[in-house]
Amino acid sequence: MAWISVHEQVIGGKLRTLAKELNCSQNEALGMLISLWLWGINNADKEGRIIGATKEDVAKVLSIGIAEELDPLKAVDALIKTQWIDLDADLFIHDW
């Protein structure tokens, strides 16, 4: 069984910036990150490249359990803007 480790350092300026970008609480932003990371276990390679996925695919993952007023595709854009996801030719989970 795979697992992720969430360290206290994640609660800082970068998370605050994401929450402000999304206009949501830090807890909601952290929940999105954890959903992304758990999904990434089976959908990203060792370097964090999200295999065969588009921004829309990631948005579908983030749409589960978020507030109705949050747009999942805008959430993906916010994750890219705040460098939780890196965008090259592919999408990468940052520091995977």
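Thr82 counts as buried because its relative accessibility is 7%; buried means under 20% relative accessible area, exposed over 50% and partly exposed in between, with a 1.4 Å probe and protein chains only. This is a predicted model, where local features need pLDDT of at least 70 and side-chain atom pairs count only at pLDDT 80 or more, while totals for chains, interfaces and linings use all residues. Residues are numbered from 1 along each chain as its sequence is written, and side-chain values use heavy atoms, with hydrogens and water left out.

Thr82 sits in the loop between helix 4 (72–81) and strand 1 (85–87). Helices (H or I, at least four residues) and strands (E, at least two) are DSSP runs, numbered from the N terminus. A polar atom of the Thr82 side chain lies 2.7 Å from the backbone oxygen of Ala78. Leaving aside residues up to four places away in sequence, Thr82 touches Lys14, Thr17, Leu18 and Glu21. Contact here means heavy atoms within 4.5 Å.

Now to helix 1, residues 13–22. Its buried residues are Leu15, Leu18, Ala19 and Leu22. They cover an arc of only 100° around the axis, which puts them on the same side of helix 1. The arc is that of the directions from the helix axis to the C-beta atoms. An α-helix has 3.6 residues a turn, so residues three or four places apart point the same way. Helix 2 (26–43) and helix 4 are among what covers these buried residues. Asn23 follows helix 1 and has a positive phi, near 55°.

Next, the packing of helix 1 on helix 4. Their axes are 10 Å apart and the angle is about 145°. Axes are lines fitted to C-alpha atoms, for helices over the stretch in contact, and angles run from 0 to 180 degrees between N-to-C directions. Leu18, Glu21 and Leu22 of helix 1 meet Lys74, Ala75, Ala78, Leu79 and Lys81 of helix 4. By class, this contact has 5 nonpolar, no polar and 3 charged residues. Ala, Val, Leu, Ile, Met, Phe, Trp, Tyr, Cys and Pro count as nonpolar, Asp, Glu, Lys and Arg as charged, and the others, Gly among them, as polar.

Helix 2 also meets helix 3 (residues 55–62); the two axes come within 9 Å and cross at roughly 115°. Met32, Ser35, Leu36 and Trp39 in helix 2 meet Val58, Val61 and Leu62 in helix 3. That contact has 6 nonpolar, 1 polar and no charged residues.

Key
Polar contact = N/O pair within 3.5 Å; in protein donor to acceptor, adjacent residues only side chain to side chain.
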